[in-house]
Amino acid sequence: MKVVAIANQKGGVGKTTTAVNLSSALARRGQRTLLIDLDPQANATSGLGVDPDDATDGSIYDVLLGATTLDSKIQPTQHEGLSIIPAEMNLAGVEIELARMEDHLLILQDILRKAKKRAKFDFCILDTPPSLGVLMTSALSAADEVLVPLQCEWFGLEGLSKILHVIEQIRDSGVNPRLKIEGILMTMYDGRTNLSRKVVQEVKNYFPEWLYRSVIPRTIRLGEAPSHGKTIFEWDPNGTGSEAYDAAAKEFLRRHKLKALPVRAAGKLSG
Ligand SMILES: Nc1ncnc2c1ncn2[C@@H]1O[C@H](COP(=O)(O)OP(=O)(O)OP(=O)(O)O)[C@@H](O)[C@H]1O
Ligand SMILES: [Mg+2]
């Protein structure tokens with residue numbers, strides 16, 4: 001099991017949209033995927049149609065505090081191959097409790113290391129909150145790789161240098177010396193503006209090996225889907241958003257030297 005944190009300390013850049021739709025795309029392409037929602041906002045949880053208010057007994061909260069096992073909180077979703085551990089609002093309180101504990105940055109790392117041995121999943125995707133709090137740093141400490149979603153806006157570039165700096169700090173601290181940058185995925189791309197093109201070009205100039213060739217367009221459909229508890233593959237199966245996240249998942253799999261299996265469900269994307 002590879003642990004991939006979707007992280008960018010900047011808010012509203014498409015982390016959750018990427019976590020939900022990439023997880024779903026990977027599951028559709030044959031990877032057993034676990035999505036862990038580490039954000040008290042619980043947007044990935046509700047985006048996958050799980051009510052965070054009902055998740056109180058089933059969230060990652062007790063796992064982090066050592067009260068229960070990770071496996072006991074894994075819920076299947078309506079998508080074959082995709083499971084979730086939901087978040088809940090109380091998760092905000094965990095930050096404070098965790099911060100009091102010794103070696104708190106190693107807690108999630110330790111939990112996921114044990115989960116790796118059980119080999120139930122191929123990928124574990126972590127959706128992280130937009131701050132540099134304990135939950136976010138725990139995620140970076142526990143991850144093998146970070147995927148950074150970057151909004152196609154000028155301030156997105158400033159955010160990028162910050163997150164790269166944080167990743168370096170995590171490595172240098174010795175907590176997770178092998179943390180790798182998996183890639184940078186450009187989100188909310190608007191082909192009608194020069195700005196979007198310029199920002200992508202800038203990232204390409206500086207970080208060509210990290211930049212995903214797939215770019216996620218700004219589409220109303222991607223914004224709508226979570227309010228219906230649906231992934232883009234259900235909400236707009238033939239639209240540009242589905243196409244883009246499926247292409248990104250294929251690229252992700254190529255980077256991991258894995259094959260994308262054809263999608264089985266009739267009428268959906270294939271090939
Ligand atoms: N490609 C897109 N096109 C249109 N709307 C999008 C796109 N990606 C995300 N959105 C919308 O933009 C908003 C922010 O996206 P999202 O929640 O994924 O960002 P985030 O980085 O997880 O935010 P936060 O930092 O608060 O966790 C949401 O309302 C989402 O539905
Ligand atoms: Mg989010």
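**Exercise 1.** State which helix gives the most residues to the lining of the second largest pocket, and describe that lining.

Solution. 
Step 1. The helix is α1, with 3 residues; helices (H or I, at least four residues) are DSSP runs, numbered from the N terminus. A pocket is found on a 1 Å grid over the protein atoms alone, as an open set of points with protein on both sides within 12 Å along at least five of seven lines, and lining residues have an atom within 4 Å of a point.
Step 2. Both α1 and α10 (232–235) supply at least two residues of this lining.
Step 3. The volume of the second largest pocket is about 410 Å³. Its lining has 20 residues, and Ala-27, Arg-28, Glu-80, Val-263 and Arg-264 are the closest to its centre.
Step 4. By class, this lining holds 6 nonpolar, 7 polar and 7 charged residues. Ala, Val, Leu, Ile, Met, Phe, Trp, Tyr, Cys and Pro count as nonpolar, Asp, Glu, Lys and Arg as charged, and the others, Gly among them, as polar.

The model is predicted: local features need pLDDT of at least 70, side-chain atom pairs count only at pLDDT 80 or more, and totals for chains, interfaces and linings use all residues. Residues are numbered from 1 along each chain as its sequence is written, chains are lettered from A and ligands numbered from 1 in the order in which they are written, and side-chain values use heavy atoms, with hydrogens and water left out.

**Exercise 2.** Determine where ligand 1 sits and which residues come nearest.

Solution. 
Step 1. Ligand 1 sits in the largest pocket; this requires that more than half of its atoms lie within 2 Å of the pocket's grid points.
Step 2. The shell around ligand 1 draws two or more residues from α1 (15–28) and from α9 (220–224). The most come from α1, with 3 residues.
Step 3. There are 18 residues around the ligand (one heavy atom within 4 Å). Gly-12, Lys-15, Thr-16, Thr-17 and Pro-217 come nearest.
Step 4. A backbone N or O atom of Gly-12 is 2.9 Å from an oxygen atom of ligand 1. For Val-13, the distance from a backbone N or O atom to an oxygen atom of the ligand is 3.0 Å.

**Exercise 3.** Describe the largest cavity through its volume and its lining.

Solution. 
Step 1. A cavity is a set of grid points where a 1.4 Å probe fits but cannot get out. The structure holds 1 cavity of 30 Å³ or more, and the volume of the largest is about 40 Å³.
Step 2. Among its lining residues are Met-1, Leu-34, Asp-71 and Phe-121. The lining has 6 nonpolar, no polar and 3 charged residues.

Definitions and conventions: Polar contact = N/O pair within 3.5 Å; in protein donor to acceptor, adjacent residues only side chain to side chain. Points joined across faces, edges and corners; volume = space filled by probe spheres on them.
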